Amino acid sequence: MANSENCDVSQALDSDAKPPKLSDLLDRGLKLFEEVDTTNEPIASTHIQVKVKRGITSLEEASRMVAQLDLFSRNEELEEMATADMKYLLLPALLGALTMKQTTRDKRLDIVQAARVYFHDFLRRCKEYNVSDFKLPKSTIEKSALEEESENGLSITKSTGPANPPDLVAMAAHRQAKIEKYRQKKETEARLSEIKSAVESGQADDEVVRNFYHLNLQKWVHVSLEEIDSIDQEVEILKRMDVLKHSSTEGPSQCKQPPRPPMKPFILTKDAVQAQVFGAGYPSLPTMTVDDWYEQHRKQGVLPDQGVPRRVAVEEDFDAKEREEEEKERRVENDDEEALQKARNWDDWKDTHRRGYGNRKNMG
């Protein structure tokens, strides 16, 4: 029993004493990156973030071993490098890609800046070995110094005069360069997919394997350039958000805007007459009192109650006609010869002439 325990302890000590191989660390980190990059799970889930941290740890350990072994030198060319060592050039790019997968919001600015350092280190090393033809972006220190100079120049430009308009030719050239980079990236990925199975199966010769590693490096050059452009834009946004957050926490009195003057209503008039009608704007200013208006309309005879006397006159005419009819009936009843003869003549005329006779307006 004691011997078995001692044997287990010695095996554990031996396993702890053996450091992991450099190739195993790279393969582990690359495998974890592919799992994280192709997963359908949320990137912020705990399970995925654990894989991200494990991959970063493996790749950082591999980077330390590469530095200790001094595998790369600025004095040698890519053709002089051993085929098995070419894949270790990917370590900074994989570290930058996994670092970008971290989702800590409070440290987002530090995360993207660290990832930019990894991508820039990978591009610098590829530029030294002439892996691909590209323009090396500015480093973080050079970029910050350039931003300070541009801010000073921008302040001078604002004080002296307006800024220059954007160069449309340069913008079109930049767009065309992006399209060309995208086309090259797709061609590289297509060539990689053709020879990947042969390399992974171990049936490819040294030239095919070397070509595979070279194409993989070119692919990650395109990825790193795109990531640096995206990081630069995100850094500007994060810095502005940080400034707004600090300005909001300092107090509303410091960032309080001056009150705006009240807006004065107005009316769009077509001509001078309409402008005189509406006056100095809506609501228009009064030009006379109500009593003055009433007196003016009374003199003109356009008030509603001034039509009452006409109605009374009509009623008086109707009463006069009634009185005349009553007078005729009274005279007939008193056997007035003249009235009787007139009534008989009217009756005879009505017997021979139908109602409406002589009214040509009704076409009778």
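Colleague: Where is asparagine 130 found?

Modeller: Asparagine 130 sits in the loop between α5 (108-128) and α6. Helices here are DSSP runs of H or I with at least four residues, strands are runs of E with at least two, and both are numbered from the N terminus. Before we go on: this is a predicted model, where local features need pLDDT of at least 70, side-chain atom pairs count only at pLDDT 80 or more, and totals for chains, interfaces and linings use all residues. Residues are numbered from 1 along each chain as its sequence is written, and side-chain values use heavy atoms, with hydrogens and water left out.

Colleague: Is asparagine 130 buried or exposed?

Modeller: Asparagine 130 is exposed, at a relative accessible area of 53%. Buried means under 20%, exposed over 50%, and partly exposed in between, using a 1.4 Å probe and protein chains only.

Colleague: What about the phi of asparagine 130?

Modeller: Asparagine 130 has a positive phi of about 55 degrees, although it is not a glycine. Most residues other than glycine have a negative phi. Aspartate 70 also has a positive phi, near 55 degrees. Aspartate 70 lies in the loop between α3 (46-69) and α4, and it counts as exposed at 58% relative accessibility.

Colleague: OK, zooming out. How many helices and strands are in the protein chain?

Modeller: The chain has twelve helices and zero strands. Of its 364 residues, 24% count as buried.

Colleague: Now the pockets. What is the volume of the largest pocket?

Modeller: About 790 Å³. A pocket is found on a 1 Å grid over the protein atoms alone, as an open set of points where a 1.4 Å probe fits, with protein on both sides within 12 Å along at least five of seven lines; lining residues have an atom within 4 Å of a point. Grid points are joined across faces, edges and corners, and the volume is the space filled by probe spheres set on the points.

Colleague: Which residues are closest to the centre of the largest pocket?

Modeller: Leu30, Glu34, Lys196, Asn216 and Trp220, out of 27 lining residues. Two or more lining residues come from each of α2 (22-38), α4 (91-100), α7 (168-201) and α8 (206-250). The largest share, eight residues, is from α2. By class, the lining has 14 nonpolar, three polar and ten charged residues. Nonpolar covers Ala, Val, Leu, Ile, Met, Phe, Trp, Tyr, Cys and Pro, charged covers Asp, Glu, Lys and Arg, and the others, Gly among them, are polar.

Colleague: And which residues are closest to the centre of the second largest pocket?

Modeller: The second largest pocket holds about 630 Å³ of space. Its 18 lining residues include His174, Lys178, Lys181, Leu225 and Asp229 as the closest to the centre. Elements giving two or more residues are α6 (140-160), α7 and α8. The most come from α8, with six residues. The classes are seven nonpolar, two polar and nine charged.

Colleague: Back to leucine 225: buried or exposed?

Modeller: Leucine 225 is buried, with a relative accessible area of 10%, and lies in helix α8.

Colleague: Last one. Where is the place of methionine 288?

Modeller: Methionine 288 is in the loop between α9 (272-278) and α10 (290-300). Methionine 288 is partly exposed, with a relative accessible area of 40%.
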